[in-house]
Amino acid sequence: KTEPLVDSLQTSKDILDRLVEPPLSLSTTLARSRLEGSFLGKDGTAAIFVRFSPEGIASQRKSIQLVQSAAQQVDGLQSDQLQMVGSIYEGYAVDEAAEKSLKKLVLPSSLMGVLLAWICLRSVRGAITVLLIAGVGQLIAVAVVASTGGQFSAVLIVLPTLVFMLTLSAAVHFMNYYGDVAYSHREHLGSRAILLGLKPSALATLTTSLGMIALATSQLSPVRTFGLYSASCLCLAALVLFLAFPTISDWLCKKRYIAQHGLEFDQDSARSGAGDSSPPVAPWARAYAAWVQSNYAAICIVGFTLLAVSFYGLWHLKSSTKFDDMFPKNSPTRESMAWIEEHLGPIASVEVLLKFPKPTDLEPFDQLVWVDRLTQKLRENPDIGGVASAVTFLPKLPSGGRVRDVSKRALMRNSVAKQFGQLVEQGLVSESSDSTAWRITAKVSALSKLSYGELTQRVRETVEPIEAQEELV
């Protein structure tokens, strides 16, 4: 039996009706004021809030396609008219953008690789050899991810191309060694080339893999997964290169390289009258080497100067994990976020947990009083668009000292104690063996120039004075 993708859903009207109908029976004005910025826009814009099941969270594409399909079944509404936000949609949008970019760039990058391989090797057969081996390395990356149950996320989707390019680079070096050994040998050219370049290539693979596997220490799961996969796939591709190159290169290139380089060797030996088996060096290469040797001091000075200048840019380097920074300003994803923030309210959430340790003398009603104080204080913060907590769905707490207010407090004390279990079921309160935690959700702008860290700090500055007062009680 397949688990449903959607756990529950409710509309802004459902939430509003819950406040204005018995037993709360709040006025429409008061109910709207509580919901504005979180569940209802100031201009009356409403929304549907979908809570996905664990299966729906794991299958982001299926979940978003389900919502789009439902929209198409509504008369006059198309899927492209939907304005969607949320963590599920963000993951889907990033994966979609990465997949589109990959499809758009895979053909030009492959053609560029073929062209560069042919230019560097000056041999069609040599280019085919290295591209075959690099292609196998790319397929290995795909096979490893698929066989281990992994999925190509926005980060991991670059893995096949990365392995392809690194394997191609190593294969080009071995083809260069192949030309060198073909200058003085006639048999086992591929094996001789591997033996000649095995040590530097193995060391390069090892150091690169160590750098990749260092990413496995990251706290971010996509980065950690990328580090593990890239290190293992690169080692496997290098192993395939070492084992397959001798056979494939001899099969495709042996006769061609012997005919070309062997003739050069015979002519060079005849001119020199000696058995020197060193490959010939072009005149321009000799001149370049002599120039470098004569001007090494100036080259070092210029190089270190450029290196020092480049370090200046590190002071201006800024990293960002904000979702909207991943897309251009005119992208449909950012336009959808901007529309919802303009008409409904901020879409990013900062969760605040107000914990009361056990045992405590404070009853649920007394704890709710502190939740109400913090909720009202957060609503006064200009950086916060809307706040939702348990007090949003309960009657207004009486604060006066009149007999009527005292009576209301007594009634609410009993009422809150009876509704405590419902608040737990709704996810507004959480109980453990050592504490009771009340959840307060503050909505902040996802498109703000402030980073999430700065927004969280401003919320913290609002919370800490109330927290200090609670500790004194």
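Two packed helices are described by the angle between their axes and the distance between the axes. In this predicted model, helix H6 (residues 124–147) and helix H7 pack at an angle of about 150°, with their axes 8 Å apart. Axes are lines fitted to C-alpha atoms, for helices over the stretch in contact, and angles run from 0 to 180 degrees between N-to-C directions. Helices (H or I, at least four residues) and strands (E, at least two) are DSSP runs numbered from the N terminus. The crossing of H6 past H7 is right-handed; a crossing is left-handed if the near helix is turned anticlockwise from the far one by less than a right angle, and right-handed if clockwise.

Residues on the H6 side of the contact (heavy atoms within 4.5 Å) include Gly126, Ala134, Gly137 and Val145, and those on the H7 side include Leu159, Phe164, Ala171 and Met175. The residues of this contact comprise 15 nonpolar, 7 polar and no charged. Here Ala, Val, Leu, Ile, Met, Phe, Trp, Tyr, Cys and Pro count as nonpolar, Asp, Glu, Lys and Arg as charged, and the others, Gly among them, as polar.

Local features need pLDDT of at least 70, and side-chain atom pairs count only at pLDDT 80 or more, whereas totals for chains, interfaces and linings use all residues. Side-chain values use heavy atoms, with hydrogens and water left out, and residues are numbered from 1 along each chain as its sequence is written.

A search of the whole structure finds 8 aromatic pairs. Rings of Phe, Tyr and Trp (its six-membered ring) pair if their centres lie within 6.5 Å; planes under 30 degrees apart count as stacked, over 60 as edge-to-face and the rest as tilted. One of the pairs joins Phe39 and Phe49 edge-to-face, at 5.4 Å centre to centre and 75° between the planes. Because Phe39 lies in the loop between helix H2 (28–35) and strand S2 (48–52), and Phe49 in strand S2, the pair ties together parts that are 10 residues apart in sequence. Phe39 counts as buried at 17% relative accessibility, and Phe49 as partly exposed at 24%. Buried means under 20% relative accessible area, exposed over 50%, and partly exposed in between (1.4 Å probe, protein chains only).

The ring centres of Phe174 and Phe242 are 6.0 Å apart and the planes stand at 80°, so this pair is edge-to-face. Phe174 belongs to helix H7 (residues 159–182) and Phe242 to helix H9 (residues 221–272), so the pair ties together parts that are 68 residues apart in sequence. Both residues are buried. Phe174, Tyr177, Tyr178, Phe242 and Phe245 form one aromatic cluster.
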